[in-house]
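Please open the model in your viewer and keep the selection tool at hand. The stops below say what to pick next and what is to be found there.

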Amino acid sequence: MPPSSTPDRHEIIDHPAMSTATKSCIFIKKLGRSLCFPARTISTAQLLIHRIYIYQPSTTIGSMDLATACLFVAGKMEETIKKLRDMLAHSYVISSQSNGDPQAVSTATTDKMRLGVLDAEQFVMEAIGFDFRTSHPHLLYVKMAKLAGITRATTAAGWHILADSYFTTLPIQYPSAVIAAGSLCLAWNLDCASPHDTSQFVPAAFSITSSSTENRNGHSDRPESSRVNRRSANDTGTASRVTIPEQPRRFPQSLNMSEEWWLQLGISTDDMQSFVRQIADFYLLFFNGTAASPEYIEKHRTGLPSSEMSRKIGQWRMWLQNALTTPVSPKA
């Protein structure tokens, strides 16, 4: 098979616990929606799952207990606390795949689950170094969408992309500003009238001549020790922190989507390229069956990103590849 037809895997698929972490993220999303948690709490719990599976995996704690504990801890971090008994009852109904009423779950059943979840909670707290500080891209995304003046449908698509990024390790690799800007950029490019209307970096990011490990500047797309280790030390609370006061930054009054507008927000083009490429590959790899078995995809299809978004991104990438080899005709 020629290199150009080989799907780029990147680090979102490469870590060994990716399938297990994704299953836990699906469970967290179902449990969070059942308990009416806000989006930021669900995203925080999914972020905790990835941090644990990458940096401090446990072989003694069950995946369901760990997922429930992450959502329980995330509720405390985001000050959206729910009673543990209610969480255990909803968790039991979802894990048993029944349509029963969580209120009808007996106290004896939840008491059996309580000890395992409390042990998992202690493990999660120690893994994050008892650091409850979080940073979310959600509010920043809404502000960017307003400044860009995009349509409601495009804004909604970007919101789904942002939420789906938490099924991957991307929120660990990049700060929240990159997550918000990358989700908005990809959503806008999906709705462009032609490939030549897209931002200049997109053809370079998906160039058929570029490899999966080098970008246009010859740097590795993989967040090697400089990026991952720096963020893992800060996120897990295991390293000392040095607080540097941020310099005041003037927020732009509007965003021209046809230009490299993310530079106004202090976001590098390399980070934007890497994020957009990886989140697009995440959709394609899962729904093309190259990152997970067909049985896994079919079983968890309702919890994974929508097949419609995957189809749209697939068409968009083929569209861009054709545009790369087609010269732009001068306007009359």
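How many disulfides does a search of the whole structure find? The search finds 0 disulfides, a disulfide being a pair of cysteine sulfur atoms within 2.5 Å. Select Cys-25, which takes part in no disulfide, and then Cys-70, whose sulfur is the nearest cysteine sulfur at 8.9 Å. Cys-25 has 0% relative accessibility and therefore counts as buried, where buried means under 20% relative accessible area, exposed over 50% and partly exposed in between, with a 1.4 Å probe and protein chains only. Cys-185, at 1% relative accessibility, also counts as buried.

Before going further, note that this is a predicted model, in which local features need pLDDT of at least 70 and side-chain atom pairs count only at pLDDT 80 or more, while totals for chains, interfaces and linings use all residues. Residues are numbered from 1 along each chain as its sequence is written, and side-chain values use heavy atoms, with hydrogens and water left out.

Move on to α8, residues 152–164, whose 13 residues reach 18 Å from first C-alpha to last, close to the 18 Å expected at 1.5 Å a residue (the expected span is 1.5 Å times one less than the number of residues). Colour Thr-154, Ala-157, Gly-158, Ile-161, Leu-162 and Asp-164, which are buried in α8. They lie on the same side of α8 because they cover an arc of only 165° around the axis, the arc being that of the directions from the helix axis to the C-beta atoms.

Within helix α3 (residues 39–55), pick Thr-41. Thr-41 is buried, at 0% relative accessibility, and touches Leu-71, Ala-74, Gly-75, Glu-78 and Thr-80, leaving aside residues up to four places away in sequence.

Finish with the rings of Trp-261 and Trp-262, whose centres are 5.7 Å apart and whose planes stand at 75°, so the pair is edge-to-face; rings of Phe, Tyr and Trp (its six-membered ring) pair if their centres lie within 6.5 Å, and planes under 30 degrees apart count as stacked, over 60 as edge-to-face and the rest as tilted. Trp-261 is buried at 0% relative accessibility, and Trp-262 is likewise buried at 0%.

Terms used: Helix = DSSP H or I, 4+ residues; strand = E, 2+ residues; numbered from the N terminus. Contact = heavy atoms within 4.5 Å.
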